[in-house]
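Notebook open, structure up on the screen. I'm jotting down what I look up as I go.

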2 protein chains.
Amino acid sequence: MTESVDRQTAAERLRAADDILILCHKNPDGDTVGSAGALYQALCQLGKTAAVLCSDPIPAMYSYMPFARYDGSFEPAFVVAVDVASIQLFGEKNDVQRYVERADLCIDHHGTNSGYAYATLLDDTAAATCELLTEWMDDLGVRITPDIANCLYTGVATDTGCFRFTNTTARTHLAAARLIAAGADIERLNEILFESRSHPRVEAEKLALESLQLFYQNRCALICLTWDQISGTGVAGAELEDLTSLPRSIEGVQVGLTLRQQPDGSFKISVRTDRTINACAIARRLGGGGHPRAAGCEISGNLENAKHAILEEVKKELDKLDQELSVQEQQ
Amino acid sequence: MTESVDRQTAAERLRAADDILILCHKNPDGDTVGSAGALYQALCQLGKTAAVLCSDPIPAMYSYMPFARYDGSFEPAFVVAVDVASIQLFGEKNDVQRYVERADLCIDHHGTNSGYAYATLLDDTAAATCELLTEWMDDLGVRITPDIANCLYTGVATDTGCFRFTNTTARTHLAAARLIAAGADIERLNEILFESRSHPRVEAEKLALESLQLFYQNRCALICLTWDQISGTGVAGAELEDLTSLPRSIEGVQVGLTLRQQPDGSFKISVRTDRTINACAIARRLGGGGHPRAAGCEISGNLENAKHAILEEVKKELDKLDQELSVQEQQ
């Protein structure tokens, strides 16, 4: 079992260490890369040797974050994982598992953190690990330079969908204000992070819009991409994931469905709902699961069968809501 | 000529007044409506009679902002305009011009404010009039209630594209943090403001993506909507305006062009550029104008002529940039 440590203790451990290896999670996103970049810069400022290791390549869009990749040039004496909730999320490549078992410290904001490290600094009220790190730089005794600010802003902004998602709090905006004051170049960062759609993504968006169907008096919207279309565009998994918010974002739509065919022909279905409908209840009845407003399941069989099955479950939830509302009206 | 007043003076004038008419600009957006709603609530808190008047209907999406529309039930003794930069922007309907001439106070953040009011509280470093008002509530001696916070957040968030546009500063985020702490329901507001696309807009987006063309090694992207398509979808002007950011948002695109046919057959062209290209230089050579990164012009004639004319000017700017870069390399 891990030892839960407070900010001060975590800072003391890192200040006492040297030859530090920083680990990211696989399929690296803005928060894990931003956390690693900021921590790397902070450790350099403290005069330490450090480097970053990730199972997967760091996406080229994050190339503005200056940090050294681990190349074996020092033997790690201290291992710190950032934004990684469980051992499985480290991945298998780049010999990363060799270091995972001896993780001295984990800094994370996921409430689901499994406690795999010797010590864990966890704050699940932070919208991003970078939000926690922004505040923690004071404990560490590090001045937030423009480079550190760029890294931390990246994590805060990407994990909150640029301050739009429901995890955004007053504290998130305070962190952003501090990072901008410290020199984060948000004009450039927002352009890179939020205004740059790849050609495959644009193509996939077009196909998704062409597939759009509305059901139940426009209360349910469905988009669908076949495996031929997905492989034809070459769109990346994370970009497809973004598309799942599209059907729900249409005016009046309470349930948005995204059907993505898998290589084996089955359909992965993402269910997104507004406040009134439980997405998890819909997905669970088809063997899936998730959160109240974002859930998913998988259905084998052809497209028409998959559509039929999920739409039946959506109808049940819509009917249930209507019934509840009509009972309330009668009372 | 208007009298420039500081925050304290503006607050004193309003505190001394009663029977106050609040004026918005025509085609009301989140900032003018949010400013009016917040000011209405603030004046009520100070025990005053107030109401809001706008030339155009307030969009239904803003119905969560509680304020009284002016219905003639009191004779205005003090007129205050919010977020209105010039007399033309008030519009002509609802008898609004009758009150414009006697505007006692204007509160605004547009550097272009023409100074039409007797007194003007102007801060063009604020990203939104609502950002300025958030701070100004202290001068006015008003507590920011959840209702006021919802109104002010609306203006701050919409004028900055949810903290994504280049006008966003540390101060903008500080205002947002304060409004959330004061009870702004940002989960609900962000859903209404940023995750609700009308059916006509979705249709227009689909047509725009289908029209997408790339030029000059994908450095220029062009979308085009004919008048038949625009009138066929029934998409609103403001929603079409949003679409102009689409072509520039594609990876590697330095110049994004949006051609919208007008009822008379001519084409309105929006030019959006990255940091390296001057949009205004392109538009100006075709009789238009604008800002360095967002400009526009109008071309009569058929679609092929319009495309040809604007693409020629884009090419000149791209060639100029390449030449400058090659000179720099040789030096």
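I started in the chain B sheet, where Ile22(B) sits opposite Val52(B) of E3(B). Four bridges join strand E2 (residues 20-23) of chain B to E3(B), and the two run parallel. For the record, strands are DSSP runs of E with at least two residues, helices are H or I runs of at least four, both numbered from the N terminus, and strands pair if DSSP finds at least two bridges between them.

Housekeeping: this is a predicted model, with local features needing pLDDT of at least 70 and side-chain atom pairs pLDDT 80 or more, while totals for chains, interfaces and linings use all residues. Residues count from 1 along each chain as written, chains are lettered from A and ligands numbered from 1 in written order, and side-chain values use heavy atoms, without hydrogens and water.

Next I traced the whole sheet: it is open, with six strands in parallel pairing, ordered E1-E6-E5-E4-E2-E3 (chain B). E1 (3-4) and E3 (50-53) of chain B are the edges with a single partner strand each, so one side of each has no neighbour in the sheet.

Then I moved to the interface. Contact (heavy atoms within 4.5 Å) takes in 42 residues from chain A and 42 from chain B. I looked up salt bridges (a Lys or Arg side-chain nitrogen within 4 Å of an Asp or Glu carboxyl oxygen) and got 10 across the interface of chain A and chain B. One is Glu195(A) with Arg164(B), closest N and O atoms 2.8 Å apart. On the chain A side, H6 (170-181), H7 (186-194) and H8 (199-211) each supply at least two residues. H6(A) gives the largest share, seven residues.
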